[in-house]
Amino acid sequence: MDSKERRHHRWCSRRCVIISVAVILGIALLLLILGLTVFRPRHTVTTINSVHLGALRVGLDVPHLSVDLNVTLDLDITATNPNRASFGYDTGNAELFYHGGLVGEAVIPPGRVGAEGSVRTNVSLTVMADRLISDATLYKDVISGSVPFSTDTRLPGTVTILGVFRHHMVAYTMCNITVSVLNRSVDNSDCRYKTKF
């Protein structure tokens with residue numbers, strides 16, 4: 001092989017390497033642009049659609065001279081995923097507050113929401129009735145016909161984009177809701193959403 005052929009061979013090899021690097025960089029740049037624009041992770045939203053009285057049990061605790069009150073609320077919750085990739089979430093939790101005091105807790109079972117989809121879930125929330133009935137303002141609210149609560153829900157999960165990019169995120173929803181005593185459902189709700197990546 002003479003020097004002219006060697007130079008030609010080297011030039012072809014360099015050209016192949018340069019083209020390969022350019023193609024790889026182009027694909028990486030395209031994926032980066034898509035990841036930051038079209039496939040950028042967005043807030044997953046958890047909405048409380050309705051609250052219904054699930055169970056109410058009243059009993060007397062004679063030795064302690066007190067009343068046992070067991071209340072469960074059935075929450076109808078919708079998880080909405082605005083991302084262009086599915087959102088798989090782990091076990092989450094919902095907390096119910098009355099005038100700033102924790103009065104109820106629930107576990108949200110794990111699941112998956114499809115791309116740009118939503119999933120409805122029914123969750124039973126156990127109310128710490130002793131904390132609730134010890135608040136003197138409860139009776140005034142019940143007589144007025146509406147009881148104000150606030151809820152915090154936390155939903156940890158992962159959004160996987162193009163089967164490559166995994167974004168771990170936690171979706172938080174904080175709502176102020178008003179429960180109608182008459183029809184035992186949510187009359188009004190005002191929610192704020194936050195996502196931590």
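Predicted model: local features only at pLDDT ≥ 70, side-chain atom pairs only at ≥ 80, totals over all residues.
Guide: Residues are numbered from 1 along each chain as its sequence is written, and side-chain values use heavy atoms, with hydrogens and water left out.

Visitor: Why is Thr 151 called buried?

Guide: Buried means under 20% relative accessible area, exposed over 50%, and partly exposed in between, with a 1.4 Å probe and protein chains only. Thr 151 has 4% relative accessibility, so it counts as buried.

Visitor: What does Thr 151 touch, not counting residues up to four places away in sequence?

Guide: Contact means heavy atoms within 4.5 Å. Thr 151 touches Ile 48, Glu 95, Leu 96, Thr 173, Met 174, Cys 175 and Ile 177, with residues up to four places away in sequence not counted.

Visitor: What makes a set of residues a nonpolar core?

Guide: Such a core is a set of buried Ala, Val, Leu, Ile, Met, Phe, Trp, Tyr and Cys residues joined through side-chain atoms within 4.5 Å. The largest one here has 35 residues, and Ile 177 is among those with the most contacts inside it.

Visitor: Which classes of residue line the largest cavity?

Guide: Its lining has six nonpolar, three polar and no charged residues. Ala, Val, Leu, Ile, Met, Phe, Trp, Tyr, Cys and Pro count as nonpolar, Asp, Glu, Lys and Arg as charged, and the others, Gly among them, as polar. Tyr 89 and Thr 121 are among the lining residues.

How values were computed:
1 Å grid on protein atoms, 1.4 Å probe; cavity = no way out; pocket = protein on both sides within 12 Å on 5 of 7 lines; lining within 4 Å.
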